[in-house]
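Q: I am new to this structure and would like to go through its aromatic rings. Could you show it to me?

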Amino acid sequence: MVKQVGPNRFRETSGRYYEDFEVGHVYEHRPNRTVTQQDNIWFTLLTMNTHPLHFDEEYARHSEFGRCIVASPLTVAILVGMSVSDVSQKAIANLGWREIRMPAPVFAGDTLTAETEVTDKRESKSRPTAGIVGVRTRGFNQDKVLVCEFDRSMLIPKRGHGVDDRADY
């Protein structure tokens with residue numbers, strides 16, 4: 001989306017206002033993302049995850065997977081990131097996460113796709129200029145296998161009340 005911010009001047013915008021969400025709508029997120037072993041190793045180092053299944057090929061070779069698997073928090077982080085421009089770009093805050101499920105492993109070289117379904121929405125009781133939106137995000141690998149699914153709720157501004165609606169932004 002684009003909004004005009006002055007004569008012959010435009011600014012790209014992303015995300016949705018509270019009014020734009022409808023229960024049952026599903027947003028397909030693009031672009032897709034191929035996960036590399038470099039991503040996996042960097043993430044394990046940044047988060048101090050010392051499980052060798054993520055970075056020790058010899059150790060992983062002897063596991064039931066036969067090779068390294070991608071750290072599950074990295075999978076969640078990538079899927080959330082893929083959804084931001086569509087779902088939470090205008091969010092005031094993430095309010096909570098529920099039921100993170102990892103039904104299948106992710107391996108280096110897998111390409112992730114993501115989609116988010118609006119599961120519920122309601123007016124905020126404490127903030128009349130915002131509402132609470134619940135969503136379920138699902139991630140799939142290149143073979144359409146569900147690899148991750150989670151629910152989250154966000155505080156979303158109503159139209160005219162977001163940071164990017166301010167004249168000084």
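Q: What sits over the ring of tyrosine 17?
A: In this predicted model, the charged end of lysine 90 sits over that ring, 4.8 Å from its centre. A charge counts as over a ring if NZ of Lys or CZ of Arg is within 6 Å of the ring centre and within 35 degrees of the ring normal.

Q: And which residue lies over the face of tyrosine 18?
A: Lysine 121 does, at 4.3 Å from the ring centre.

Q: Before we go on, what should I know about the numbers?
A: Residues are numbered from 1 along each chain as its sequence is written. Local features need pLDDT of at least 70, side-chain atom pairs count only at pLDDT 80 or more, totals for chains, interfaces and linings use all residues, and side-chain values use heavy atoms, with hydrogens and water left out.

Q: How many aromatic pairs are there?
A: A search of the whole structure finds three. Rings of Phe, Tyr and Trp (its six-membered ring) pair if their centres lie within 6.5 Å; planes under 30 degrees apart are stacked, over 60 edge-to-face, and the rest tilted. One of the pairs joins phenylalanine 65 and phenylalanine 107 edge-to-face, with 6.4 Å centre to centre and 65 degrees between the planes.

Q: Is phenylalanine 107 buried or exposed?
A: Phenylalanine 107 is buried, at 11% relative accessible area, whereas phenylalanine 65 is partly exposed at 30%. Buried means under 20%, exposed over 50% and partly exposed in between (1.4 Å probe, protein chains only).
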